[in-house]
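Here is a walk through one protein model, taken piece by piece. Keep the structure in view and find each residue as it comes up.

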Amino acid sequence: MAAPREAPERRPFGRRFLTAPARLFQHNAWDNVEWSEEQEASARSKVQENSSQLLPQDKQEEYEVNAKRYWDDFYKIHENGFFKDRHWLFTEFPELAPNRNPSQNGDSVREFSNKEESNQEGLRSCENGHCSLETRAENQLNLTKSTPKISTEELATQKYSELNQNDGDYPGSSASYRILEVGCGAGNTVFPILQTNNDPGLFVYCCDFSTTAVDLVQNNAEYDSSRCFAFVHDLCNDQSPFPMPDESLDVVILIFVLSAILPEKMQCIVNRLSRLLKPGGMILLRDYGRYDLAQLRFKKGQCLSDNFYVRGDGTRVYFFTQDELDDLFTTAGLEKIQNLVDRRLQVNRGKQMTMYRVWIQCKYRKPAAPRL
């Protein structure tokens, strides 16, 4: 008989526990909310109902073949997305700015709404507890649209063919601390890192499946090519090159990215990313958990396979359990540092709506090389 798995580890994102089992945040959000058996049973029933009718196989293949176009369309529509606080970023992932002054207020980090919020039809609740649509106009990102668009795919191909990583000559080769964000979107995480981490040895890579998204990053006024390299990359294509060699990265970031990939391809992707890590390097992940409100809101006919759905805009999303993510990372040879679930209650008092969100946060490390 297989050994029983350890009990799921739970704790809230952002600030740590207080004495109460559920804690009131500003903007009407409670963290670390325990679910009753009845609530979990109700969620399970809704998922069974919305999964009872799968899309035909030909339609599923169409969404896979045209995935890049759907994400390009998404970023063309949302390139002027609204801002929100991401105060949890450096609190939960201090690895992104190891030398950051603890007195720095993480709430000052402002950035684009991530794709996990803005492409949910009618779902405007942010993962940190709130989104202020009223401040949308005054807080829009300063995109330099007058700058001619860079042909990202041509640039990447040219650079890779020129460099070939010979003699250690590749973007960021002289850096002492290298971070890669996969699925960077329009710069949701990259720009806060560049603004917050002042380590002169820092170099940040960022890539996305969408050419439109990478163009937005490269044409942003905050983009600094001396500290950052943005490139188009298809994670599902194992022949698609990375600009850096294996065992060169200190951190790989996956924020609401792995869930957008065909489940059968996830293990291969995690394997590839783990090879890029130095011994002791880490993968940081935050993504959708099973029975999140977004999963319960899907209707019949939007399900592709178990816990995998297509949205109205053609983009897709998977909802994980902790065990599934643990299997993906440990199979890739990584060791668990953290695997947490957060169940959060958000209340919109104006609309008299209660919303239960579920996210999972993970940290997995590549074992250090054994001493001889």
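This is a predicted model: local features need pLDDT of at least 70, side-chain atom pairs count only at pLDDT 80 or more; totals for chains, interfaces and linings use all residues.

A disulfide needs the two sulfur atoms within 2.5 Å. C236 is partly exposed, with a relative accessible area of 33%.

How many disulfides does the structure hold? The number is zero. C207 is likewise in no disulfide, and the nearest cysteine sulfur, that of C184, is 6.4 Å away. C207 is buried, at a relative accessible area of 1%.

Now turn to strand 9, residues 249-255. This strand is mostly covered, since seven of its seven residues are buried. It has strand 6, residues 177-182, as a parallel partner, and four bridges hold that pairing. Look for I179, which stands opposite V251 in strand 9. Strand 9 also runs parallel to strand 10, and six bridges join these two. In that pairing, L254 faces L285 of strand 10.

Is S248 buried or exposed? S248 counts as buried, because its relative accessibility is 3% and the limit for buried is under 20%. The side chain of S248 reaches the backbone oxygen of P245 at 2.6 Å. Beyond its neighbours within four places in sequence, S248 is in contact with Y170, R178, L276, L277 and K278.

Helix 8 comes next, at residues 211-218. Why is helix 8 described as largely enclosed by the rest of the structure? Eight of its eight residues are buried, so the helix is largely enclosed. The buried residues are T211, T212, A213, V214, D215, L216, V217 and Q218. The N-terminal end of helix 8 has a cap, provided by S210. A side-chain oxygen of S210 lies 3.2 Å from the backbone nitrogen of T212.

Aromatic rings are the next stop. A pair of aromatic rings is described by two things, the distance of the centres and the angle of the planes. The count here comes to 10 aromatic pairs. Take F256 and Y288. Their ring centres are 5.0 Å apart and their planes stand at 75 degrees, so this pair is edge-to-face. Planes over 60 degrees apart count as edge-to-face. F256 lies in the loop between strand 9 and helix 9 (266-276). Y288 lies in strand 10, residues 277-288. The pair therefore ties together parts that are 32 residues apart in sequence. F256 is buried, with a relative accessible area of 3%. Y288 is buried too, at 1%.

A further aromatic pair is formed by Y309 and F319. This pair is edge-to-face, at 5.9 Å centre to centre and 75 degrees between the planes. It links distant parts of the chain, with Y309 and F319 being 10 residues apart. Y309 belongs to strand 12. F319 is in the loop between strand 13 and helix 11 (322-331). How accessible is Y309? Y309 is buried, with a relative accessible area of 0%. F319 also counts as buried, at 0% relative accessibility.

Both pairs belong to a wider group. F256, Y288, F298, Y309 and F319 form one aromatic cluster.

Three strands form an open sheet here, in the order 11-12-13, with antiparallel pairing. Which strands stand at the edges? They are strand 11 (303-305) and strand 13 (316-318). Each has a single partner strand, so one side of each is left without a neighbour in the sheet. From one strand to the next, the twist averages 30 degrees. Strand 12, residues 308-310, is joined to strand 13 by three bridges, and the two run antiparallel. In this pairing, F308 stands opposite Y318 of strand 13.

Note on methods. Residues are numbered from 1 along each chain as its sequence is written. Side-chain values use heavy atoms; hydrogens and water are left out. Buried means under 20% relative accessible area, exposed over 50%, partly exposed in between (1.4 Å probe, protein chains only). Two strands pair if DSSP finds at least two bridges between them. Axes are lines fitted to C-alpha atoms, for helices over the stretch in contact, and angles run from 0 to 180 degrees between N-to-C directions. A polar contact is a pair of N or O atoms within 3.5 Å; within protein, one must be able to donate a hydrogen and the other to accept it, and residues adjacent in sequence count only if both atoms are side-chain atoms. Contact means heavy atoms within 4.5 Å. Rings of Phe, Tyr and Trp (its six-membered ring) pair if their centres lie within 6.5 Å; planes under 30 degrees apart count as stacked, over 60 as edge-to-face and the rest as tilted.
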